[in-house]
Amino acid sequence: MEYIGEHLLPGQLGRFFVSLSFGAALISAIAYFLYIKSQNQSYKKVARGLFLAHAAAVMGIVGTLFYLLLSHYFEYDYVWKHSSLSLESQYVFSAFWEGQEGSFILWLFWHAILGVILQFTAKKWEAPAMIVFSAVQAFLSSMVLGVFPFGLRIGSSPFILMRNTADNIGLPWTKIPDYLERFPSFMDGTGLNPLLQNYWMTIHPPTLFLGFASTLVPFAFALAALFNRDYKSWVKPALPWAFFSVGILGLGILMGGAWAYEALSFGGFWAWDPVENSSLVPWIVMVGAAHLMLIYRNKKTALTAAFLLSILSFILILYSTFLTRSGVLGDSSVHAFVDLGLSGQLLVYLGFFTLIAFGLLIFRYKDIPKSKKEDDLTSREFWMFIGSLVLLIAAFQIIFSTSIPVINKLFGPEGALPLLTDAMAPPLDAIKHYNSFQVPFALVITLLLGIGQFLAYGKTNAKRFWKNSSISIAVALVFTALLAQLYNFWSQGLYLSFLFVAVYAIISNLYYWLFLGKGKLGFSGSSVAHIGFALIMLGSLISNAKKDVISQSEVFLSEDLPANENALLEQKDSITLGQYFAVFEEMEEIGNEQNYVVSYFNKPGDNKYAFQLRPFLLMSDQMGPTPNPDTEHFWHKDIYTHVTYSSYLEPKTGDGFGKEALVELGEGDTALYREHFIVMDSLKVNAGINDETGEMESLTLTAVARVINVLGQEFKIRPTYELQGEVLGHTDETLYEAGLRFRFEEVNMETNDIVMKAWSKLDEDQKPFIVMKAIVFPLINLLWIGSILMVIGSFIAVFQRYKNNRA
Amino acid sequence: MKRTHIAIIVFIALAIGAIMVTINDASTYVGFNRASENPGTKYTVIGYLDKDAPMDYNARANRFNFTAIDKEGNKQKVFYNQPKPQDFERSEEITMKGFATDSAFVASEILMKCPSKYNEQNEVAGYDTY
C-alpha cells in the first residue's frame, strides 16, 4: 500500500546514519585493538578512518533530525511528540533534546567531537584511549538503533514513523493511505512541554551533556594507562581534561539551577531532586579526581586514588543515566524521563564498563606505584588528599540516598531479595536530610580550600603559615561579624562557623593571589576557582538559611503542620508582604499566558509603586496551567514570586454559577456537595425509534434525584440528557434558593453510572483573587557571581596545565 | 600503618554511618490503614484521586480536601493546607506525605503524576471511530 504525503527518504537516511555510526564505532574499537596487538600501522589507519566515519555519521544523524523537526514532518513520531507548527524556531533545539533519543544523540555528538580531538592529540595514548571512546560510542549508538533482533529490543529510534511505533502498529488508522490528510491530529504535533520553552533549555542541556561527555576523557586515559601498564605518564595529558570537565560540568549544573530558579515554581535553585543529584555526584567525584592528579603531578603520591576517582566519575555518569532513564525513579522525581523500555540495555551498558574498569583496576592494583614515605601532617598533599576523601564521601552520601528506589527494587517487599518488610520511600523532608550531611561536608571542604593555599608541598614552615593566615583570619573575623550581625547568625552555631569558613576561604585565596602570587596569571586559576566556590557556599548559606517567605500567614492549622506559605490577594486590595504593601492590579491575558500584575509599594498610600511583578500561568492543553515565577532583583536580595492559584481558574457560567464539580452516581447512590446530599433514585429512559428503519432517532435520559439540605428538607430534581440524532442537549435543574445547579452530563459507558455536574451560586460581589507565594532571598547574587568565577577559574587552570604540558 | 590509611578507615566508618542515618531517615510507602494505625507518624502514601467524592478548595482559608484511594483500595479523606495543585483533576497518581488523624489524612506535601503527552498519543492511537 502506498501512503500519501509521507516523506520517507530523510527517515531512511537517518536510520542509515545510525547504523553507520554504530558499525563504524564498533569496528574502529576492534581495529585499534588489533593495532595494539600487531603494531601494524595499517590497522591504525583503518581505525582512525572508521572513527572519523563514525563522527561524520553522528553529524548526519544530528542534521537529519533537525531537518525533520524544521520541516514539520509529523508522520515521524519524534517530530509529532516534541514539536508543533506554532513552535517558535529558537525552541527547535529544545525540541531536539526533549526526548531521550534526542539527548542520547546530543551525548553522541559531544563524544564524537572530543574523540576526534583526542585522536589527533593523544599521541602514544591514542590507541587504547580510542578503544574506550569507540566502545562507548558503539553502546550509545545502539541506544538509538531501534531494531528488534530475536525478540529483543535494542534502542529507540527517533526516525520511526508514527504508524510503525509499537503502540500504534495494527491500529485501524494505520491502514488508511491518506491518514495524514484525513485526521486533524496528524496535521500538527503535540508540541514542546511549556516548561522547556525557555532560553535556558536551549543552552543548559548542551552544556550539561558536554560536561557528561568530558568525564570520558580522564576515564579513557586511566583505562589506557592500566591497559598499557604505563601508570605514571597519563596524569599529565589527562589533567587539563579533568579541569575542563570540572568547569564545563559545573557550568551545566549551575545553569540547571538558574533555570529552576527562573522558570520553575519550587522556589529556589536547588531542591536535591534525584535528577539534579545525579549530575552533581559525578562532578564532585571529578573535582576529587582532578585534585588527586595534581597531588601526583607535584608529589608523586595518591596515584591509586587518582585512578579510582577518574574511573568512578564516568561510571557515575552511566549510573545516573540509568537512574534517570530507566523509570526506576518514577515515584520520587518530578522530572525523571519516561521509561522507553531501555532499562535492560542501560544496565548492560553500565555493567560492561563497570566490570571492565574496576576489573582492570583490581587486576593491576599491585603494579600501581605507591609512595613509601609518610606524608607530612603539615603538607599540602596530605590535606588535599583528605579533601578528596571528603568529596568522595559527600558524593557517596548523595548517591546512596538518591538510590533508595533502586534499593527498594532490590530489597523491598517485591524486590529480588525481599529483606525489607516495608517499601522504602525517600526521606520525607529531602532538603533537611541532605543538608544535615552536606552542610558539614561543605564546611570542611571550604575550610580546606581556605587553609590549603598557605600550606606547602612537602612540609610547611609553621612561622610563615601563621604569619600569612593570621592576617586572613583577622580580616575574615571582621567580615563574618558584620554579616552575622546583619543577617542574624549569632544563635546558629553550625551556620555561623560555616559563614566564617566561607568568608575566610575567600579572603585567604584573595590574599594568596594578590600578595604571594603577586596577582600573576600563573597563580590565578586555583585562587579564582576557589574564591568562586567559597562565594557559592556563602551565597547558598545566606540565601537559604535566611530566606524569608513574606507571603506566609500567621494562621497555624495544627502544631505539626507548617504555616501556610501562600497569601491571598484580592483585586485592588492591599496586603502586607514583609516590608512591602502589595496590590494585585489585574490579570492580563497575552496569548496563552495569564499575567497577574502585582505592584509593590514601600509605604501605604504611596502614589508610585516601587516595582511591579508579573508572575504568570502558562495555559496549555498538554500540561494544564503551569506557574511561571517572576523575580525582582536587587543587588543585595531577590523577591521571588509565583502564583499558586487564581479565581480565573474556576469555571463560571454566565449567570454567576461556579465551583464546578463532577460526581458519578449509580442508582441508589448518594453524594455530598456543598452541605447538600444528592440521592440518585432512578434513571428514566425514553427512546424514540423510527418505525420504518428501526433506528433510534432520539434518546432522553432523566435522572430522578433528590437534594437534601442540612435541615432535612428535600427538593426533587430532574436533570435530563437529550440526544436528537447527532445533537446533544441538556436540561439543567437549578435550585435558586439553595443556589445550586445540576446537569446530567453523560453516562459512564463502563459502569453505566451517570455523571452529574454541579455548580453553586457564587457570591455576587466576589472579587477576582490570586493566591501567591513570595520569598525574599538575601544575597543570592553572591551565588551567581561565585558560579561565574568558579567556571572562569577552572578554565584558567585548564589553560595553565595545557601550557605547562607544552613547555 | 600510614596516616592516609587511618584517614581512609575513618571515612569508611563515616560512610557506614551515613547509610545507617539514611535508612533511619527514609520513610516507608504504606496504605491508609497502616497510617491510621499510628496516627501522627509520618508516612508516604501513594494513591489516586476518588473522582466520585467531592473535592473542595477554599481559597480564603487556603484549605483543600479531597478523597484518595490507596493501592489497597481504601478510601480516605485527605486534608492539605496548601493551594490546590494545578490540574489536580487530571492526576493519575498522587504521592502524599503526611500523617493520619482520626478524621482525615493530613498531607504536608503532594506530588502528582499527570498523564503525559505520551499517553495522549495513545488517545490518538485509539482514534478508531473511523
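1. Start with a helix. In α9(A), the residues A:L216, A:V217, A:P218, A:F219, A:A220, A:F221, A:A222, A:L223, A:A224, A:A225 and A:L226 are buried. A residue is buried if 20 or more other C-beta atoms lie within 10 Å of its own, exposed if 12 or fewer, and partly exposed in between, with C-beta atoms placed from the backbone. Because 11 of the 13 residues of α9(A) are buried, the helix is largely enclosed by the rest of the structure.

2. A word on the source. This is a predicted model, in which local features need pLDDT of at least 70, side-chain atom pairs count only at pLDDT 80 or more, and totals for chains, interfaces and linings use all residues. Residues are numbered from 1 along each chain as its sequence is written, while chains are lettered from A and ligands numbered from 1 in the order in which they are written.

3. Back to α9(A). Helix α9 of chain A covers residues 216-228 and reaches 18 Å from its first C-alpha to its last, close to the 18 Å expected. The expected span is 1.5 Å times one less than the number of residues. Next comes A:R229, with a positive phi near 55°.

4. Helices (H or I, at least four residues) and strands (E, at least two) are DSSP runs, numbered from the N terminus. The C-alpha trace spans about 100 × 75 × 55 Å along its principal axes. Of its 807 residues, 46% count as buried.

5. Two residues are in contact if their C-beta atoms, placed from the backbone, lie within 7 Å.

6. Domains come next. Chain A is assigned domain 1 (1-193), domain 2 (198-367 + 377-426) and domain 3 (657-761). These bounds come from an automatic or database domain assignment. The C-alpha centres of domain 1 and domain 2 of chain A lie 25 Å apart. Their contact takes 24 residues from domain 1 and 27 residues from domain 2.

7. Which element gives the most to the domain 1 side of this contact in chain A? It is α5(A), with eight residues. The elements giving two or more residues there are α4 (92-96), α5 (100-121) and α6 (126-142) of chain A. That side divides into 17 nonpolar, six polar and one charged. Ala, Val, Leu, Ile, Met, Phe, Trp, Tyr, Cys and Pro count as nonpolar, Asp, Glu, Lys and Arg as charged, and the others, Gly among them, as polar.

8. Chain B also touches chain A. The contact takes 50 residues from chain B and 54 residues from chain A. On the chain B side, α1(B) gives the most, with 11 residues. By class, that side has 22 nonpolar, 14 polar and 14 charged residues.

9. Strands link the two chains. Strand β1 (residues 423-425) of chain A and β1(B) pair in the antiparallel sense over three bridges. Two strands pair if DSSP finds at least two bridges between them. Here A:A423 stands opposite B:Y29.

10. Chain A has strand pairs of its own. β6(A) and β8(A) are antiparallel over three bridges, with A:N595 opposite A:F616. β8(A) also pairs with β9(A), antiparallel over five bridges. There, A:L617 has A:P627 as its bridge partner.
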